[in-house]
Amino acid sequence: PGAGGGVAPADDVRTQVDRLWDKLVRPADPEHPNASLIPLPHPYVVPGGRFRELYYWDSYFTMLGLAVSGRHDLLRAMVANFASLVDRIGFIPNGTRTYYGTRSQPPLFVLMVELLATATGDAAVVDRYGAQLEREYDFWMAGAESLSPGASARRVVRVGDVVLNRYWDDAAEPRQESYAEDLELAAQ
């Protein structure tokens, strides 16, 4: 701290953020039978606070910061973890808990791979993760080919000649992590 308890000029915001990465990094997860955590094979960055798992949507924005900070090691690890989820589950769930296994968040994996390729100058990254990129695309587009205008199926809706994606949960019961709130909402 500088005089008066403030942040010293040399200790700017970027330096503060760069110091935070190591506090937010979690190591690769061991397998724990009967635990809700979906283990990841590489280190990853959590949003902080009470969260101890990886979240899909948040991670893209975290990765933008990692790229600015030059943390290519963590960028590579995060992309590899998401590819691992696609390989094991068939898509990237909302978060790395088993109870998120019926839903995802906006499909940002392609942007993550593009970010890694751009940040590292390694264009081969796109080819390396091509199979996972296609599999995630297939997950989001399942059912699109048979939709008539105005119809929907899972994560796709046809509006005229255009197919749009939408948030869709394959489960028809309350979310495990928000059970009481979902029951209350359904009762209304």
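This is a predicted model: local features need pLDDT of at least 70, side-chain atom pairs count only at pLDDT 80 or more; totals for chains, interfaces and linings use all residues.
Residues are numbered from 1 along each chain as its sequence is written, and side-chain values use heavy atoms, with hydrogens and water left out. Local features need pLDDT of at least 70 and side-chain atom pairs count only at pLDDT 80 or more, while totals for chains, interfaces and linings use all residues.

**Core**

The largest nonpolar core has 33 residues. Such a core is a set of buried Ala, Val, Leu, Ile, Met, Phe, Trp, Tyr and Cys residues joined through side-chain atoms within 4.5 Å; buried means under 20% relative accessible area, exposed over 50%, and partly exposed in between (1.4 Å probe, protein chains only). The residues with the most contacts inside this core are Met63, Leu66, Val79, Phe82, Phe109, Met112 and Tyr129. At least two core residues come from each of helix H1 (13-24), E2, H2, helix H3 (72-89) and H4. The most is given by H3, with nine residues. Helices (H or I, at least four residues) and strands (E, at least two) are DSSP runs, numbered from the N terminus. Val79 touches Met63, Phe109, Met112, Val113, Leu116 and Tyr129, not counting residues up to four places away in sequence; contact means heavy atoms within 4.5 Å.

**Helix pair H2 and H4**

Helix H2 (residues 56-68) packs on helix H4 (residues 109-120) at an angle of about 10°, and their axes are 10 Å apart. Axes are lines fitted to C-alpha atoms, for helices over the stretch in contact, and angles run from 0 to 180 degrees between N-to-C directions. H2 and H4 are therefore roughly parallel to each other (angles under 35 degrees). From H2, Tyr56, Ser59, Tyr60, Met63, Leu64 and Ala67 meet Phe109, Leu111, Met112, Leu115 and Ala119 of H4. By class, this contact of H2 with H4 has 10 nonpolar, one polar and no charged residues. Ala, Val, Leu, Ile, Met, Phe, Trp, Tyr, Cys and Pro count as nonpolar, Asp, Glu, Lys and Arg as charged, and the others, Gly among them, as polar.

Trp57 is also placed in H2. Trp57 touches Gln105, Pro106 and Leu108, leaving aside residues up to four places away in sequence.

Most residues other than glycine have a negative phi.

Note on methods. Angles under 35 degrees count as roughly parallel, over 145 as roughly antiparallel, 65 to 115 as roughly perpendicular and the rest as oblique.
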